[in-house]
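This briefing concerns a single protein chain. Please have the sequence and the model at hand while reading.

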Amino acid sequence: MKKYLYWLAPISILILFVIFTVLVKTVDVQYISVGTSDLNYYIGFYSMNSVARDWAESLNKSDFAKTISDIVLYLSFAFVIGFTGVTIFQIIKNKSFKAVDRRYYILFATYVTAVILYFAFEVVRINYSPMVEDKLKPSYPSTHVFVATVFYICSTLTAIDMIPIEKRTLRILTIVLIVFLVLLEGFVRFLSGRHWLSDIIAGYLLAGFVTSLYAVIYRDFFKHPKKD
């Protein structure tokens, strides 16, 4: 019975994401006018988002924040490329998909889930970017934050499990580095002006759901814990 309690984490975070999304569409909604009627839109949590937006604009006088956010995101792809390479090597070496470490299956399923959700929120448009150019761009949730967080955390958890780090200090430093990169991505992405603060929060909530779901499934089906 105890092991089922672990499922409360992803379920609770998903519920929080849904509730937050509903609130974004209903609480303190204001009309944003950007010059032409085709580019006007509504934004929720207007007071919070507008104050945060003004603060970000006062700090970011160039486009360096966007550049940094892109770099941090692309670095997370290195994990995906690395695990893909190892998987292909195992298949070629053993000439069988059965030879692939089973832990890769859940990891790649998580990668695919993240990519599907990334494109899904390009279609399901909840909020639009505060930086309007020639057209409105969807910005909710921040898919940069979402994808980077999922790739970094899930890949690191798998790597640490497969390659046990004996030194506790090194293990802690690895985790601290990943947490720093995840938080940095959210901060610089917001600072870049491409997202409202509510978009960043939503990105972390959605990532929290996917990563906690990954952790629970990994534990239940790949770690084979003893029955309670």
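The points below cover the overall chain, a helix pair and a surface patch.

The model is predicted: local features need pLDDT of at least 70, side-chain atom pairs count only at pLDDT 80 or more, and totals for chains, interfaces and linings use all residues. Residues are numbered from 1 along each chain as its sequence is written, and side-chain values use heavy atoms, with hydrogens and water left out.

**Overall chain**
- The chain has seven helices and two strands, defined as DSSP runs (helices H or I, at least four residues; strands E, at least two) numbered from the N terminus.
- From the N terminus, the order of elements is α-β-β-α-α-α-α-α-α.
- Of the 228 residues, 41% are buried (under 20% relative accessible area; exposed is over 50% and partly exposed in between, with a 1.4 Å probe and protein chains only).
- Among contacts (heavy atoms within 4.5 Å) between residues at least 6 apart in sequence, 75% join residues at least 24 apart.

**Helix pair**
- Helix 4 (residues 103–123) and helix 5 (residues 143–162) pack at about 175°, with their axes 10 Å apart; axes are lines fitted to C-alpha atoms over the stretch in contact, and angles run from 0 to 180 degrees between N-to-C directions.
- Helix 4 and helix 5 are therefore roughly antiparallel (over 145 degrees).

**Surface patch**
- Ile11, Ile15, Ile19, Leu23 and Val27 form a nonpolar surface patch of about 390 Å²; patch residues have over 30% relative accessible area and no salt bridge, with nonpolar side chains joined within 5 Å.
- Leu23, in helix 1 (residues 8–26), is partly exposed at 34% relative accessible area.

Conventions: Patch = residues over 30% accessible without salt bridge, like charges linked within 9 Å, V, L, I, M, F, W, Y side chains within 5 Å. Areas by Shrake-Rupley, 256 points an atom, 1.4 Å probe, with all protein chains shown as cover. Salt bridge = Lys/Arg side-chain N within 4 Å of Asp/Glu carboxyl O. Parallel < 35°, antiparallel > 145°, perpendicular 65-115°, else oblique.
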